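Please read this briefing with the sequence and the model side by side. The points are grouped by topic.

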Amino acid sequence: MENEIFKLRKEHVNFKKLLDLLDTQLDLLHRGKAPDYQLMTDILYYMTQYSDLIHHPREEAIFTLLAARDSSVLENVAELTKQHHTLGESGARFYEKLENIINSESEIKKLQEVETPGRLYSFILRSHMDKEEQGVFVLAEKLLNEDDWKKIKTETQSKPDPIFGEAIEDRFHLVCKRLEQ
Ligand SMILES: [Fe+2]
Ligand SMILES: [Fe+2]
């Protein structure tokens, strides 16, 4: 059976590539140049649809089993779970803002409106992933057994990754092109 933690780590690597793309667009904006709003919107759409709906719930199923084995992780997993909610909410809000910018004729594409939430989202998600990789992931590999992994797999939803999976969803061709550049 494929190691779930290996899969989650691989997804973190993918998410970081997307955050790098996002950061590059925010740098352009910061320097007064025009960023690619469609690219940013597509990245946030992916994060809200794949990271928030598939990746995070799988981690939370792991957190639950882990906390039952070792109560010392309780505080840590509570904090990580809270961050999932924060990321979900702020990601959805930021996505909506980017969509509005694309659909509006107005020139109100202000630094604070896009750069501030964008930087914050990127920063929180990056540090969240680092914390998971160094803490709960290591512990889960040590403490969880085959039955636990089967349980996690059956109890959580899965769907093919629309960017890094075998088939790229139409919406994400622009993102893929940029990832290749
Ligand atoms: Fe997470
Ligand atoms: Fe994660």
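In which helix is H173 found? H173 lies in helix α7, which covers residues 173-180; helices (H or I, at least four residues) and strands (E, at least two) are DSSP runs numbered from the N terminus. This is a predicted model, in which local features need pLDDT of at least 70, side-chain atom pairs count only at pLDDT 80 or more, and totals for chains, interfaces and linings use all residues. Residues are numbered from 1 along each chain as its sequence is written, while chains are lettered from A and ligands numbered from 1 in the order in which they are written.

**H173**
- H173 is exposed, because 12 other C-beta atoms lie within 10 Å (buried means 20 or more such atoms within 10 Å, exposed 12 or fewer, partly exposed in between, with C-beta atoms placed from the backbone).
- From C-alpha to C-alpha, H173 and D42 are 9.5 Å apart in space, and they are 131 residues apart in sequence.

**The whole chain**
- The chain has seven helices and zero strands.
- Its radius of gyration is 17 Å, close to the 16 Å that the globule rule gives for 181 residues, so the chain is as compact as a globular protein of that length (the radius is taken over C-alpha atoms, and the rule is 2.2 Å times the number of residues to the power 0.38).
- The C-alpha trace spans about 55 × 35 × 25 Å along its principal axes.
- Of the 181 residues, 24% count as buried.

**Helices α1 and α5**
- Helix α1 (residues 4-30) packs against helix α5 (residues 136-143) at an angle of about 165°, with the axes 10 Å apart (axes are lines fitted to C-alpha atoms, for helices over the stretch in contact, and angles run from 0 to 180 degrees between N-to-C directions).
- That angle makes α1 roughly antiparallel to α5 (under 35 degrees is roughly parallel, over 145 roughly antiparallel, 65 to 115 roughly perpendicular, the rest oblique).
- I5, L8 and R9 of α1 meet F137, A140 and E141 of α5 in this contact (two residues are in contact if their C-beta atoms, placed from the backbone, lie within 7 Å).

**Helices α3 and α4**
- Helix α3 (residues 74-103) and helix α4 (residues 111-134) pack at about 150°, with their axes 10 Å apart.
- This makes α3 roughly antiparallel to α4.
- Residues in the contact include L80, L87 and F94 of α3 and Y121, I124 and L125 of α4.
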